[in-house]
Amino acid sequence: MKRGIFAVLVALALAACNDREAAVPVQPRVTGFSLLDADTGEALATSSLTDGSSLASETLPAQVRVRADTAPKVVGSVHFTLGDLTFTDNTAPYVLEQPLTLTPGDYTLTATPYSEAGAAGTAGGPLNVTFSVTASEQPDPEGYRRLLYVITRGSPNLWVYDMDNGYKLVKRRTLRELKVSRTWGAVAHAENGVLYLSHHNRDGRGGAISPGVLAYDLVKERVLWRKIYRPFIDSLEITPDGKTLYMATGEATDRGDFWFVLDAATGAIKDKIFVYRGAHNTIVGLDGTRVYMASVRYPYLVVADTKTNDVIRKIGPFRAGVRPFTVNGKQTLAFVNVNRFLG
């Protein structure tokens, strides 16, 4: 009997010890930081932010947010400190709410987990990192760089790649900052350093459309002018001297039967060239004397004199309306895509 009682007491003692061990809470801790695009919420390609990280400003979006990863994944709250900025997030994933514009300089970021909401209860293991943001690359001493600017209709970003450095991404700009929600066409002029975007934006309720053109200084990174044009907009082209824009009024409306002739410096309407409904694609010849215009509902490629803006020739007819086309440098050949024809 004594041996049995001893065994029972030992078993009870072990069970009590196990209960005490199970009751000991796991101390929450912050295990890492990730950088997110403030507009899309997506993690950046090089999102992990560690102590001593150096970030190139040209690879960052206009604004970022910081996410703290914790163990366990769900804690009471996480308290952030970045310079004079503080914020507590009570819900996973734990994100510093304030969008950040990371200009060149040094930063210190700290995040502390807590067992309860509102940075209350037991504080867990904090994570502290220092990192730096370096300035963008300087242009070539001669002042020349070959850059590729990429915009896709489904993306909110303007991507810039260095053509002479393995097409390395050198900059990404958020178009929403420029109040551009859907790009329709783009053209730039190398000498004046201006990018022109034709676009249409819907109002906040998804209703009325505001079709327009934005002129953006690529060097000083600022908007030069913005204009609304009716009935609509489409692709646009610029003359070699950088003074005149030719903009189609679009295949999206039956009233889009002409091209605007615009002053590139101000956006003012100088003239209109009437062709046919479905005004869509435009090319200005390399010598600047001719502008070529194609409507998707018209089986001709129409040519106008850029001095008078008078139509001087119609090339065709083709078997259907003209889609994207190109003209060789000597303006002796045109290569034309047409509707309902693969070839």
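The structure is a predicted model, in which local features need pLDDT of at least 70, side-chain atom pairs count only at pLDDT 80 or more, and totals for chains, interfaces and linings use all residues. Residues are numbered from 1 along each chain as its sequence is written, and side-chain values use heavy atoms, with hydrogens and water left out.

A nonpolar core is a set of buried Ala, Val, Leu, Ile, Met, Phe, Trp, Tyr and Cys residues joined through side-chain atoms within 4.5 Å. Buried means under 20% relative accessible area (1.4 Å probe, protein chains only). The largest core has 24 residues. Phe33, Leu55, Phe80, Leu102, Leu109 and Phe131 touch the most other members. Strands are DSSP runs of E, at least two residues long, numbered from the N terminus. Elements giving two or more residues to this core include β1 (29-37), β5 (77-82) and β8 (105-116). Leu55 is in contact (heavy atoms within 4.5 Å) with Leu35, Leu49, Leu60, Leu102, Phe131, Ser132, Val133 and Thr134, leaving aside residues up to four places away in sequence. A second, separate core holds 18 residues, among them Tyr196, Tyr229, Met247 and Leu262.

Two strands pair if DSSP finds at least two bridges between them. Strand β19 (residues 244-248) pairs with β20 in the antiparallel sense over 5 bridges. Here Ala248 has Trp259 as its bridge partner. Strand β21 (residues 269-274) also runs antiparallel to β20, joined by 5 bridges. Trp259 stands opposite Ile273 in β21. β20 and β21 form a hairpin with 5 residues between them. In the turn, Gly267 has a positive phi of about 85°.

How values were computed
Helices (H or I, at least four residues) and strands (E, at least two) are DSSP runs, numbered from the N terminus. Buried means under 20% relative accessible area, exposed over 50%, partly exposed in between (1.4 Å probe, protein chains only).
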